[in-house]
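Please read it alongside the sequence and coordinates.

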Amino acid sequence: MIRRSTDAHATETTSPAADLLNSVPLLALDRQYDTLRDQIREAINRVCDSGRFVLGPDVAELEAELATALDVPHVISCASGSDALLLALMALDIGVGDEVIVPSYTFFATASAVTRLGAVPIFADIDPATYLVDPRDVERKISTRTKAIVPVHLFGRTADMDALRPIAARAGLPIVEDAAQSILSTWHGRCSGSLGDVGCFSFYPTKNLGGAGDGGFLTTTRDDIAKSLKLLRVHGMEPRYYHEVIGINSRLDSIQAAVLRVKLPHLDAWTTARQVNAGRYRDLFAEYDLAGRIAVPGEEPRGRHVWNQFVVRVLGDDRDALRAHLAKRGVGTEIYYPVPLHLQKCFAHLGWAKGDLPETERAAEQTIALPIFPELDAMEQRTVVARIAEFFGAGRRERAAAATSALPTPHVLRRAVGKADDVRC
Ligand SMILES: Cc1ncc(COP(=O)(O)O)c(C=O)c1O
């Protein structure tokens, strides 16, 4: 069921089935590295020559450059996004018995940071349209023991801060943004990480700004939190061998900072490429008439969505069979996340059961992430969507026959760039 486009982009995106590719990777870091190879190696050599491997000048420079890019007064780098979350909660004095509200539909580190401090994660359900934490459920779960709220800007889309901020303010609670997947996403023109009390980012290689290993950073507009974070990431030590508080060792390596400084100037363009890819997917899913089978994520009208992942919902219960079909056809996919955190074995003692968070559980069963990386090309995207159409067509002959007689949907590649108020990021 391959439909031909009729518009100006036809040569770019139209192909008979025989031209479909044999494989499409979920992520191809080598394509990005190929464009920056010499600069990255030079940067690594410079650090090796300097002998300053931990928190060196490159780290300070990177922090300053990120502060400018995100328009936030304080950037404090650390060893990973997981540590960023831990340090943020430590800076807010979260401790034994405190409750912290987090989504269950997120990466493990969002909740494990809470439990590592002896505090209790209280899981909130998601909005099924965005997969982001549902502010109404957050509000319902606030108790006298609640000490913080951690929204996750999952897949690159900012959580509903219009709703969350007044809820937190009314309850007198700080907001820790888990922005690990959302660097350069915005909300009414302001970058994620500057929308709450403290923001936590990851440089894990699959992130939009990925290092050559682990790394992370924190952002804050609050001078008091910035001061605590700088102490906490170096064992609470100031001056050398004098410890004011008990911190951890979570410093960014200079080699990571040097590599990231090569990449940062390209991040805005890479982000725009992701947005273009997301728009192209939406057009392709419409063109292949998959609306009854697949729910495609929408744009965020209140800010910039940075598409760390393009996660679609497979309507019905075909997700795993579709994934197996795509794997057979060489199309890389991933499930983010197959087991919601409230149902993880290690959290069984917290007493959550299946059925407690219905939208989270449904998303875990129905969603699948497709390739969205900036260097992905139009033919690769067409292959992904055509292979999905093939799966549904193969199972339902009568539908496929009806579809081939239908008129082709005009294909329009949207100019999916950031909004005017997003130019800073
Ligand atoms: C939502 C979320 N939070 C936290 C993290 C932890 O980041 P890191 O892998 O750098 O520790 C990640 C990244 O994997 C993430 O996706």
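What share of the 425 residues of the protein chain count as buried? The figure is 46%. The model is a predicted one, and the chain in it holds 14 helices and twelve strands. Of the contacts between residues at least 6 apart in sequence, 72% join residues that are at least 24 apart.

**Nonpolar core**

- The largest nonpolar core has 112 residues. The members that touch the most others are Leu87, Ala88, Leu89, Val100, Cys200 and Leu218.
- Helix H4, spanning residues 81-91, gives the most to this core, namely eight residues.
- The core lies between domain 1 (10-32 + 266-422) and domain 2 (38-263), because both domains give residues to it.
- Ala88 is in contact with Val176, Val198, Cys200 and Leu218, when its neighbours within four places in sequence are left aside. Two of these partners, Cys200 and Leu218, are also listed with Ala88 among the core members that touch the most others.

**Parallel sheet E3-E2-E4**

- Three strands make up an open sheet with the order E3-E2-E4 and parallel pairing.
- Strand E3 (120-124) and strand E4 (146-149) are the edge strands, each pairing on one side only.
- On average, neighbouring strands of this sheet are turned by 35° against each other, with direction ignored.
- Five bridges link strand E2 (residues 99-103) to E3 in the parallel sense. Within this pairing, Val102 has Phe123 in E3 as its bridge partner.

**Antiparallel sheet E10-E11-E12**

- A further open sheet, also of three strands, runs in the order E10-E11-E12 with antiparallel pairing.
- Its edges are strand E10 (294-295) and strand E12 (367-370), and each of these pairs on one side only.
- E10 and strand E11 (residues 310-314) run antiparallel and are joined by two bridges. Ile294 has Val314 as its bridge partner in E11.

**Val114**

- Val114 is part of helix H5 (residues 109-116).
- There are 26 C-beta neighbours of Val114 inside 10 Å; the cut-off for a buried residue is 20 or more, so Val114 counts as buried.
- Apart from neighbours within four places in sequence, Val114 is in contact with Leu89, Val100, Val102, Ala119, Val120 and Pro121. Of these, Leu89 and Val100 are among the core residues that touch the most other members, and Val102 is the residue bridged to Phe123 in E3.
- The C-alpha atoms of Val114 and Val100 are 6.9 Å apart, while the two residues are separated by 14 residues along the chain.

**Asp253**

- Asp253 sits in the loop that runs between helix H8 (223-232) and helix H9 (254-263).
- Is Asp253 buried or exposed? Asp253 is buried, because 22 other C-beta atoms lie within 10 Å of its own.
- With neighbours within four places in sequence left aside, the contacts of Asp253 are Phe53 and Val54.
- Asp253 and Val54 are 199 residues apart along the chain, yet their C-alpha atoms are separated by 4.6 Å.

Technical notes
Residues are numbered from 1 along each chain as its sequence is written. This is a predicted model: local features need pLDDT of at least 70, side-chain atom pairs count only at pLDDT 80 or more; totals for chains, interfaces and linings use all residues. A nonpolar core is a set of buried Ala, Val, Leu, Ile, Met, Phe, Trp, Tyr and Cys residues joined through C-beta atoms within 7 Å. A residue is buried if 20 or more other C-beta atoms lie within 10 Å of its own, exposed if 12 or fewer, and partly exposed in between; C-beta atoms are placed from the backbone. Helices (H or I, at least four residues) and strands (E, at least two) are DSSP runs, numbered from the N terminus. Domain bounds come from an automatic or database domain assignment. Two residues are in contact if their C-beta atoms, placed from the backbone, lie within 7 Å. Two strands pair if DSSP finds at least two bridges between them. Axes are lines fitted to C-alpha atoms, for helices over the stretch in contact, and angles run from 0 to 180 degrees between N-to-C directions.
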